[in-house]
Amino acid sequence: MEEVEKRYGVGYALAKKKENSFIQASLLNLAKERGIDLIKIDTERPLIDQGPFDCVLHKLYGDDWKKQLDDYSRKYPNVLIIDSPEAIQRLHNRISMLEAVSEIEFENESDSFGIPKQVLIYDVKKLLDCEEWGEVLNFPVIAKPLVADGSAKSHKMSLVYNNEGLNKLKPPIVLQQFVNHGGVIFKVYVVGKYVRCVKRKSLPDVSEEKLPSLQGSLSFSQVSNLTQSERSDDTYYKAMNLEDAEMPPQSLISDIACGLRRAMKLNLFNFDVIRDTRVGNRYLVIDINYFPGYAKMPGYEKVLTDFFCDVFNKKQAGSLDGQLGMNCEKEVRILVGNNGLVEDEGGLPVSTLKMEEENGNQIHV
């Protein structure tokens, strides 16, 4: 008797904007060919009345949704939740978010990494008195809302040049030391053991000579919306060829990705890295985001489908450790090529990844 192919159901619950960008026909069709059915969860109905699914993929927040996931897990204890609401919650706070970096064990002698100096400000009086910050920060600084929940408000950031620029800020807020980084930011996408690094233009360096002539603050949205005639640093970008910017060492990015995945117990995230131009081999993680815009990544359909297949294969084999294989040392890091296809690594037990150059005109920090 012919054996019936085992199919897996992935229920997804995403905000409308996220669903429109992520759930493409190309992803649905490829997953279906591989025995995986992506099924939309009706958020107007109780989750516990739907499915059962083999896996729940989500990016919704709130106590009610968390309770629904908890109830679903109790009723269907073998269902995989990607990812845990408790683990995701850590990334909603810009202080606890970057604390994960300090939890990474690192033994690379040639390169170092960390986070920029930063301070959390809760009241206006402390904000306006630099002596009260408790941390030695020098202008310019990056001002970021404490809450990082993906809302429009959480994306309102500013580059503050002097005390005058502090007047426009509203606590609670995180002040982070701005570090000259050559106008280049490295965005690293992580999908389980799949990793991809791209480079994009960022804010230009601010020299000590030029700083006294800069007034107040500048929001990131203003920077990206300036026309060429208005942008005082347009010559900077013309002189800087993004292609010439050296990518970070593959082993470094791979180790950070693995370490963050293990420390945060998350599978779907990206993180932003800059290179301190004062110390060429010093790298700083400045931001971490849950479930980023993977659809912008060429070939994302295969990467995500391979991730689902890997998870279900481990589950079927009984080798899933309850954290979707967070033990990176036991895995071979998958190399993602320019076309998004997994390339042959020759079976070597080493962590590798593909660095891709991505030239964009939008400012990213």
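The structure is a predicted model, in which local features need pLDDT of at least 70 and side-chain atom pairs count only at pLDDT 80 or more, while totals for chains, interfaces and linings use all residues. Residues are numbered from 1 along each chain as its sequence is written, and side-chain values use heavy atoms, with hydrogens and water left out. Helices (H or I, at least four residues) and strands (E, at least two) are DSSP runs, numbered from the N terminus.

**Cis peptide bonds**

- I82 and D83 are joined by a cis peptide bond, with omega about -5°. D83 lies in the loop between strand 4 (80-82) and helix 4 (85-89).
- Another cis peptide bond links F139 and P140, where omega is about 0°. P140 sits in the loop between helix 6 (124-128) and strand 7 (141-145).

Burial terms refer to relative accessible area: buried is under 20%, exposed is over 50%, and partly exposed is in between (1.4 Å probe, protein chains only).

- K265 is not a glycine, yet its phi is positive, at about 60°. The loop that holds K265 runs between helix 10 (250-264) and strand 13 (268-275). K265 is partly exposed, with a relative accessible area of 42%.
- F291, also a residue other than glycine, has a positive phi near 45°. F291 is placed in the loop between strand 14 (282-290) and helix 11 (300-317). F291 counts as buried, because its relative accessibility is 0%.

**S219**

- S219 belongs to strand 12 (residues 217-219) and counts as buried at 16% relative accessibility.
- Leaving aside neighbours within four places in sequence, S219 is in contact (heavy atoms within 4.5 Å) with M157 and S158.
- The C-alpha atoms of S219 and I142 are separated by 9.5 Å, and the two residues are 77 residues apart along the chain.

**Annotated positions**

- An unreviewed UniProt entry places the feature "binding site" at K18, K59, H155, K187, N289 and G293. UniProt positions are given in the numbering used here, feature names are shortened, and annotations may be inferred rather than shown by experiment.
- K187 is found in strand 10 (residues 184-191) and is buried, at 9% relative accessibility. Beyond its neighbours within four places in sequence, K187 has contacts that include R196, C197, N270 and D272.
- N289 lies in strand 14 and is partly exposed, with a relative accessible area of 28%. Apart from neighbours within four places in sequence, N289 is in contact with L91, L268, F269 and N270.
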